[in-house]
Amino acid sequence: MRLKNIVLVLVGVMVLLVAGCGKRQPSVSQVPVAQASDNQAQTSQNKTDTEKKPQAYMLPRVDDGPKLQFSQQGVTFSWVENGHVRMSASAKEVSGGEVTRIGRLTNFSGKLYENGKLVATMTAPKVIADTTKRIVTATGGVTLKSLERNTTVRSQWMKWYAKEQKVVGDGGVKINSTMGNMQGAAFIADTAMKSIRVMDSGKGL
């Protein structure tokens with residue numbers, strides 16, 4: 001009987017020792033997956049909203065170039081520089097791009113200005129306006145009329161250099177004015193045609 005009690009005591013001690021060997025893991029607070037995803041989405045949304053906010057500075061002002069306005073009658077092309085109109089025109093069709101800054105116009109009818117004053121008109125079947133170089137090239141039979149000098153010049157093609165206020169033409173030139181009529185191969189004149197030089201060759205133009 002005494003031996004049986006001793007055995008029971010030993011078995012009890014062993015059970016207690018085995019139960020004590022399992023260490024408790026420290027408790028870790030875990031955020032539910034759904035809640036964590038919501039927090040990440042909110043952080044991403046806040047970052048996106050911050051990026052969408054307008055910057056606190058003004059973009060540098062670029063040089064004014066030609067502006068295209070569409071109307072029912074066709075296309076109106078206004079060339080404005082430093083607050084002054086350099087050329088206004090109408091055309092049946094206009095094509096071009098902001099990258100190249102070159103416009104192509106068909107059935108062109110334009111008004112040319114000098115120091116803000118209308119001085120001449122130009123008509124042509126086709127025109128290419130290079131707004132970077134400030135050059136207008138008209139082809140297909142061009143007519144240029146001076147409003148100040150009552151002079152009309154016709155040639156196969158013409159180029160108007162807006163910066164230099166100069167017009168050149170080639171391909172056979174016919175000039176009608178109150179001073180008389182002239183013909184030649186090419187010509188050079190200012191926009192208002194206050195002075196005109198007629199040449200027998202358009203080489204170098």
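I began with a network of salt bridges that links Glu81, Arg86 and Arg134. I note that the model is a predicted one.

Salt bridges. I searched the whole structure and found three salt bridges.

I looked up arginine 134 and glutamate 81 and found their side chains meeting at 3.0 Å, N to O. I placed arginine 134 in the loop between strand E6 (117-130) and strand E7 (135-146), and glutamate 81 in strand E2 (residues 74-81), so this pair ties together parts that are 53 residues apart in sequence. I checked accessibility for the two and noted arginine 134 and glutamate 81 both as buried.

I then took arginine 86, which forms a salt bridge with glutamate 81; the closest N and O atoms are 3.7 Å apart. I recorded both of these residues, arginine 86 and glutamate 81, as buried.

I turned to glutamate 148 and lysine 117, whose side chains meet in a salt bridge at 3.1 Å, N to O. I saw that this pair links distant parts of the chain, 31 residues apart: glutamate 148 is in the loop between E7 and strand E8 (151-161), and lysine 117 is in strand E6. I read 33% relative accessibility for glutamate 148, so it counts as partly exposed. I read 47% for lysine 117, so this residue also counts as partly exposed.

Pocket. I looked up the second largest pocket and wrote down a volume of about 150 Å³. I listed residues that line this pocket, among them Arg149, Thr151, Ile175, Met182, Lys194 and Ile196. I sorted the lining residues into five nonpolar, four polar and two charged.

Methods. Residues are numbered from 1 along each chain as its sequence is written. This is a predicted model: local features need pLDDT of at least 70, side-chain atom pairs count only at pLDDT 80 or more; totals for chains, interfaces and linings use all residues. Side-chain values use heavy atoms; hydrogens and water are left out. On a 1 Å grid over the protein atoms alone, a cavity is a set of points where a 1.4 Å probe fits but cannot get out, and a pocket is an open set with protein on both sides within 12 Å along at least five of seven lines; lining residues have an atom within 4 Å of a point. Grid points are joined across faces, edges and corners, and a volume is the space filled by probe spheres set on the points. Ala, Val, Leu, Ile, Met, Phe, Trp, Tyr, Cys and Pro count as nonpolar, Asp, Glu, Lys and Arg as charged, and the others, Gly among them, as polar. A salt bridge is a side-chain nitrogen of Lys or Arg within 4 Å of a carboxyl oxygen of Asp or Glu. Buried means under 20% relative accessible area, exposed over 50%, partly exposed in between (1.4 Å probe, protein chains only). Helices (H or I, at least four residues) and strands (E, at least two) are DSSP runs, numbered from the N terminus.
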